[in-house]
Amino acid sequence: MAFDNLSDRLQMSLRRVTGRGRLTEKDIEEMMREVRLSLLEADVNFKVVKSFTKNVKEQAMGEKILKGLNPGQQVVKIVSDELQRIMGDKAEPLTINAIGITKMMMVGLQGAGKTTTAGKLALHLRKQNNLKPLLVALDVYRPAAIEQLKTIGSQIGVDVFEMGTKEKPLNIMKQAMEFAVSNGNNLVIVDTAGRLQIDEDMMNELVEIKNYLKPEEVLLTVDSMTGQDAVNVAEGFNNTLGVTGAILTKLDGDTRGGAALSLKEVTNISIKLMGMGEKLDQLEVFHPERMASRILGMGDVMTLVDKVTDNIDEDDMMGMVEKMMSGKFNYNDYVKQLKMIKRMGSLGGIMKLIPGMGKMMKGVDVDDKKTVYAEAMISSMTKKERKNPKLISQSSTRRRRVAAGSGRTVTEVNRLIQQIDQMTATFKRMQGMDPEQMANMNPMTMMNQSQPKKKSGTKKKRWRY
Ligand SMILES: Nc1nc2c(ncn2[C@@H]2O[C@H](COP(=O)(O)OP(=O)(O)OP(=O)(O)O)[C@@H](O)[C@H]2O)c(=O)[nH]1
Ligand SMILES: [Mg+2]
């Protein structure tokens, strides 16, 4: 997963100050030295590292913070806010015309992910904005590129305009716009060939197309693995062509963070979207604040909620959440939950979105294959056992029977029991917190926190956003 290393290191440096009643300037100095190193290690541009550390230090050293209540927590908040600020503060929406055709150009280095992202974007905007997209194949340098776009188009049911590899891209573009009008498209997404920002001829080709098309968006597709080099690429494209935003791809990989944390602050180009996998529905809006809390291991409740509302009946989910919060979570609910999670994507990814869970889940099995085994074990339980998890946890005879019945080992059954206990306990701790509190919750303190008291009989607060 992206940022893992940075995430671990930053959290470690912050642990120096969290949970401490008193902080001295020296504590802050030491913490900042580690923060600085973790950022450099993550390949963040040195200018960004410099301004980041300067800003955090200035705020953290303030009299009010050091002498105030809970200084550690406040320092964590300062770091989180600053992370968010360098990534752009707020999510930047795409410009979409209310009337007429919205035009978007995908540009960038070879292999950055333009063609894939063109398809993802078409799917995303058809879903979110109810647009009728047309994909245009302008990569005439590789026949395979056109085939690739056509395959993507057919996968998502979007028309692809192409004229083979013989025509000049500008000509194809003109024909494509005529086609779009007659075909009733109100979104045109142009896939261009990959190129280096220093290749003048190739860059001129893009400038010509842009001058003709007058696109609402020129989207620089950046492979997040390029690290802070992304800054040079972006400046090159921006100076010759002018770009309106960036899309960071391959954030599902083990990228260190350099591109995501450097791009906006150095070039002032906003990261608008991010690619989270090879599949065509794995494109998400880039939310700096959510990214910051993800990096600091505070989870990302909002993204979780987006995923939930996209894939799952809200009432179903709310019922489930209430059940979990009430501690009356049984194996039937667990199976239901596994099914929901399957619909939302991989289990490991989901767990990271829950505040504090990333840390807590370390060492706990969140392997997708294991969920199949879990279901097998649960289906070997009697109806009574499924309803009342205690029956299983208190009887070794029952555990052995479940193991034998499902072809798993007793150790695996024990692990399943442990998992359900752990989940019940975690959710009990979250009881009564509102989403804001959860999002700002610090995993370290959360783990030690005693369970918040709540009067029984009062109506449980529902999650609402
Ligand atoms: N894991 C992952 N892979 C991605 C993502 N986006 C693109 N890829 C993969 O990256 C590779 C290159 O993607 P393309 O879309 O062909 O890149 P391109 O910029 O069009 O490449 P050229 O046309 O050669 O310049 C493909 O194997 C994609 O599946 C992403 O968000 N996550
Ligand atoms: Mg391509």
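What I'm showing is a predicted model, where local features need pLDDT of at least 70, side-chain atom pairs count only at pLDDT 80 or more, and totals for chains, interfaces and linings use all residues. Residues are numbered from 1 along each chain as its sequence is written, while chains are lettered from A and ligands numbered from 1 in the order in which they are written.

So, the overview. Buried residues make up 41% of the 465 residues in the protein. The secondary structure comes to 24 helices and eight strands; those are DSSP runs, numbered from the N terminus, with helices being H or I of at least four residues and strands being E of at least two.

How far can we trust it? pLDDT is the predictor's confidence in each residue, from 0 to 100. The protein averages a pLDDT of 84, and 80% of the residues score at least 70. Over residues 441-465, though, pLDDT stays under 50, and the model has 40 contacts there beyond four places in sequence. By contact I mean two residues whose C-beta atoms, placed from the backbone, lie within 7 Å. Where pLDDT is low, the predicted coordinates should not be read in detail.

While we're on contacts: take those in the protein with a separation of 6 or more, and 75% of them join residues 24 or more positions apart.

Now the sheet. In what order do the eight strands of the open sheet run? It goes β3-β2-β4-β1-β5-β6-β7-β8, and the pairing is mixed. The edges belong to β3 (159-161) and β8 (283-285); each has a single partner strand, so one side of each is left without a neighbour in the sheet. From one strand to the next, the twist averages 25°; for angles like that, axes are lines fitted to C-alpha atoms, for helices over the stretch in contact, and the angles run from 0 to 180 degrees between N-to-C directions.

Strands of a sheet pair through backbone hydrogen bonds, either parallel or antiparallel. Here, two strands pair if DSSP finds at least two bridges between them.

Let's walk through a few strands, starting with β2, residues 133-137. Five of its five residues are buried, so β2 is largely enclosed by the rest of the structure. P133, L135 and A137 point one way from β2, L134 and V136 point the other way, and all are buried. On to the partners of β2. Five bridges join β2 to β4, running parallel, and P133 sits opposite L187 in β4. Three bridges join β2 to β3, also parallel, with V136 partnered by F161 in β3.

Next, β1, residues 102-107, where six of the six residues are buried. T102, M104 and M106 go one way, K103, M105 and V107 the other. β1 pairs in parallel with β4 (residues 187-191) over five bridges, and four bridges join β1 to β5 (residues 217-223), again parallel. Keep an eye on M104: its bridge partner in β4 is I189, and in β5 its partner is E217.

For the antiparallel sense, look at β7 (residues 271-275) and β8, which pair over three bridges. L273 stands opposite V285 there.

Two helices, quickly. In α12 (residues 288-295), eight of the eight residues are buried. Just after α12, G297 takes a positive phi of about 70°. Then there's I420, found in α22 (residues 410-430). Why does I420 count as buried? Because it has 21 C-beta neighbours inside 10 Å. Leaving aside neighbours within four places in sequence, I420 is in contact with F329, Y334 and P389. I420 and N330 are 90 residues apart in sequence, yet 7.9 Å apart in space, C-alpha to C-alpha.

Last stop, ligand 1. A residue is near a molecule or strand if its C-beta atom, placed from the backbone, lies within 6 Å of it. Of the 20 residues around ligand 1, G113, T115, T116, G194 and G275 come nearest. Helix α6 (residues 114-129) gives the largest share of that shell, three residues. By class, the shell has three nonpolar, 12 polar and five charged residues. Here Ala, Val, Leu, Ile, Met, Phe, Trp, Tyr, Cys and Pro count as nonpolar, Asp, Glu, Lys and Arg as charged, and the others, Gly among them, as polar.

How values were computed. A residue is buried if 20 or more other C-beta atoms lie within 10 Å of its own, exposed if 12 or fewer, and partly exposed in between; C-beta atoms are placed from the backbone.
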